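Thanks, everyone, for making time this morning. I would like to walk you through one model, starting with its metal site and then turning to its helices.

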Amino acid sequence: MEARGDWLAVVVTILGLIVGSFLNVVAYRFPRGESVMFPPSRCPRCGARIRPRDLIPVVSWVWLRGRCRDCGAPVSLRYPLVEALTGGLWGLAAWRYGWSLETALGLVVISFLIALSAIDLEWQILPDELTYPLAIMVIGARLWMGPEPWWWYLGGAALGAGMLFALYWLSPLLFGKEGMGLGDVKLMVGLGAFSGLTGTVLTLFAASLAGLAVGLVLQRMDRLGEQRRIPFGPFLAGGALLSWLYGDTLMKAYFGLFL
Ligand SMILES: [Zn+2]
């Protein structure tokens, strides 16, 4: 695989850490209706502006032991986690697909998915303002760059969104409660187009399995909370990225069991 570059992966990981800082700002401010560009970050307790030297991804949080330099207010572990996750996934993408359009598309999709997952975990919503642009961008990119024919990707979008819409529609009839939000359906339009037909099947399979497992564990621990539901967006995002990065390997291993 001559297209793979170790150096590319290292550089992209570092860029990903920086983009992760920005995604933290997006995920915090966007649902609160604040501008993501202005003003610069401040401590929510004492209002002190965060100094440039304290904006180094992950490192600053560890160095300051998760506290504001001015007032000592705790800074959520979520910030370094989002930065590390973005850096790690960006690096994996570059490692897997090298210097290519596929990598470029993947980096944008990963960034959307991290912001969307963080918002879904905190608010149980997937805003249209993010899922629509993701879907339009991915469909446009797939129709233009392939590498499979157009129906492969539009088929993935239709299959994925169709399955989730059926669940959204059927759950209240079958179980008497909502099993799925419309936000999940809209997210799946973009993810299905990103993954293609087989990738979409794998995405739904992995997301359901992981969602079920986590749901059962949380139920056991009595941690499901008032709403008795867990956001499904992060599982769909994880399934789609698993399928994009390792779908071929997983499929081969799976069918290898029978051949
Ligand atoms: Zn402070």
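This is a predicted model: local features need pLDDT of at least 70, side-chain atom pairs count only at pLDDT 80 or more; totals for chains, interfaces and linings use all residues.

Which residues coordinate the zinc ion, and through which atoms? The zinc ion is held by the SG atoms of C43, C46, C68 and C71, at 2.3 to 2.4 Å, where donors are N, O and S atoms within 2.8 Å of the metal (3.2 Å for Na, K and Ca), and since water is not among the atoms, sites may look incomplete. Residues are numbered from 1 along each chain as its sequence is written, and side-chain values use heavy atoms, with hydrogens and water left out.

Back at the zinc ion, the four donor atoms subtend angles of 105 to 114°, which makes the arrangement tetrahedral (four donors count as such if all angles lie between 85 and 135 degrees). Along the sequence, the spacing of the donor residues is C-x2-C-x21-C-x2-C. Distant parts of the chain are linked here, with C43 in the loop between α1 (6–29) and α2 (59–63) and C68, 25 residues apart from it, in the loop between α2 and α3; helices are DSSP runs of H or I with at least four residues, numbered from the N terminus.

The loop between α1 and α2 also contains P39, and the peptide bond from F38 to P39 is cis, with omega near -5°. V58 lies in that loop as well, and has a positive phi of about 60° although it is not a glycine.

Now to the helix packing. The axes of α3 (residues 78–97) and α4 (residues 101–123) come within 10 Å and cross at roughly 155°, the axes being lines fitted to C-alpha atoms over the stretch in contact, with angles from 0 to 180 degrees between N-to-C directions. The two helices, α3 and α4, are therefore roughly antiparallel, a label for angles over 145 degrees. Their contact (heavy atoms within 4.5 Å) involves residues including L85, L89 and W90 of α3 and L107, I110 and I114 of α4.

As for α1 and α4, their axes come within 10 Å and cross at roughly 35°. Here V12, V19, L23, V26 and A27 of α1 meet a set in α4 that includes L107, S111 and I114.

Notes
Angles under 35 degrees count as roughly parallel, over 145 as roughly antiparallel, 65 to 115 as roughly perpendicular and the rest as oblique. Four donors count as tetrahedral if all angles lie between 85 and 135 degrees; four count as square planar and six as octahedral if opposite donors are over 155 degrees apart and all others between 65 and 115; anything else is irregular.
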